[in-house]
Amino acid sequence: MQEKISELETKLRKCYSKETAFYKNKEAWNNHNPTCGQCAITALIVQEYFGGTIHRIRVNENETHYFNIIDKKIIDLTKEQFNVRNIKIIYDENELTSREEILKSVDTVKRYNILKERIKNVDLFMTKRYY
């Protein structure tokens, strides 16, 4: 399964853009930090492909972060966005959340649908990027 998750991660990186970033992160998003603001929609996509659960943690007083747990393993395809700011992610104190909860936001639904459509159309060997 790790190989398939890596394949999905490669596809996601080709599909991320400022348009798919969380509104608070749009200005910080760039092609050197493509996972910036992509955690919620990425966790939804990962769950859609591989099952498991979606969890949320508080990164600091102003930020939360979403990731997946599959077969008792943490799968976090967007953790690198915090490396740029030297923020260490601590997964211990996390809370289980649901697709329904995440998709309550109209903005998140829009970004999720854009990303989902892009993934369907991307080829691993494609050179075009969305940013």
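**Exercise 1. The largest pocket**

Task: State the volume of the largest pocket in this predicted model, and describe its lining by residue, by element and by class.

Solution: 
- Step 1, volume. The largest pocket takes up about 440 Å³.
- Step 2, residues. Its lining is made up of 22 residues. Nearest the centre of the pocket lie Phe 22, Cys 39, Ala 40, Thr 64 and Tyr 66.
- Step 3, elements. At least two lining residues come from each of α2 (39-50), β2 (63-70), α3 (80-83), α4 (99-102) and α5 (106-121).
- Step 4, class. The lining of the largest pocket holds 8 nonpolar, 8 polar and 6 charged residues.

**Exercise 2. Helices α1 and α2**

Task: Describe how the axes of α1 and α2 cross, and list the residues that make the contact.

Solution: 
- A pair of packed helices is described by the angle between their axes and the distance between the axes.
- Step 2, geometry. Helix α1 (residues 2-15) and α2 have axes that come within 11 Å and cross at roughly 140°. Because of this angle, α1 is oblique to α2.
- Step 3, hand. The α1 and α2 crossing is right-handed.
- Step 4, contact. From α1, the contact takes Lys 4, Ile 5, Leu 8 and Leu 12; from α2, it takes Thr 42, Ile 45, Val 46, Tyr 49 and Phe 50.
- Step 5, class. In the contact of α1 with α2, 7 residues are nonpolar, 1 is polar and 1 is charged.

**Exercise 3. Helices α1 and α5**

Solution: 
- Step 4, class. The contact of α1 with α5 has 5 nonpolar residues, no polar residues and 1 charged residue.

**Exercise 4. Helices α2 and α5**

Task: Work out the arrangement of α2 and α5 from their axes, and list their contact residues.

Solution: 
- Step 1, geometry. The α2 and α5 axes come within 9 Å, with a crossing angle of roughly 50°. That angle makes α2 oblique to α5.
- Step 2, hand. α2 and α5 cross in a right-handed manner.
- Step 3, contact. α2 contributes Ile 41, Thr 42, Leu 44, Ile 45, Glu 48 and Tyr 49, and α5 contributes Thr 108, Arg 111, Tyr 112, Leu 115, Lys 116 and Ile 119.
- Step 4, class. The contact of α2 with α5 divides into 7 nonpolar, 2 polar and 3 charged residues.

Conventions: Residues are numbered from 1 along each chain as its sequence is written. This is a predicted model: local features need pLDDT of at least 70, side-chain atom pairs count only at pLDDT 80 or more; totals for chains, interfaces and linings use all residues. Side-chain values use heavy atoms; hydrogens and water are left out. On a 1 Å grid over the protein atoms alone, a cavity is a set of points where a 1.4 Å probe fits but cannot get out, and a pocket is an open set with protein on both sides within 12 Å along at least five of seven lines; lining residues have an atom within 4 Å of a point. Grid points are joined across faces, edges and corners, and a volume is the space filled by probe spheres set on the points. Helices (H or I, at least four residues) and strands (E, at least two) are DSSP runs, numbered from the N terminus. Ala, Val, Leu, Ile, Met, Phe, Trp, Tyr, Cys and Pro count as nonpolar, Asp, Glu, Lys and Arg as charged, and the others, Gly among them, as polar. Axes are lines fitted to C-alpha atoms, for helices over the stretch in contact, and angles run from 0 to 180 degrees between N-to-C directions. Angles under 35 degrees count as roughly parallel, over 145 as roughly antiparallel, 65 to 115 as roughly perpendicular and the rest as oblique. A crossing is left-handed if the near helix is turned anticlockwise from the far one by less than a right angle, and right-handed if clockwise. Contact means heavy atoms within 4.5 Å.
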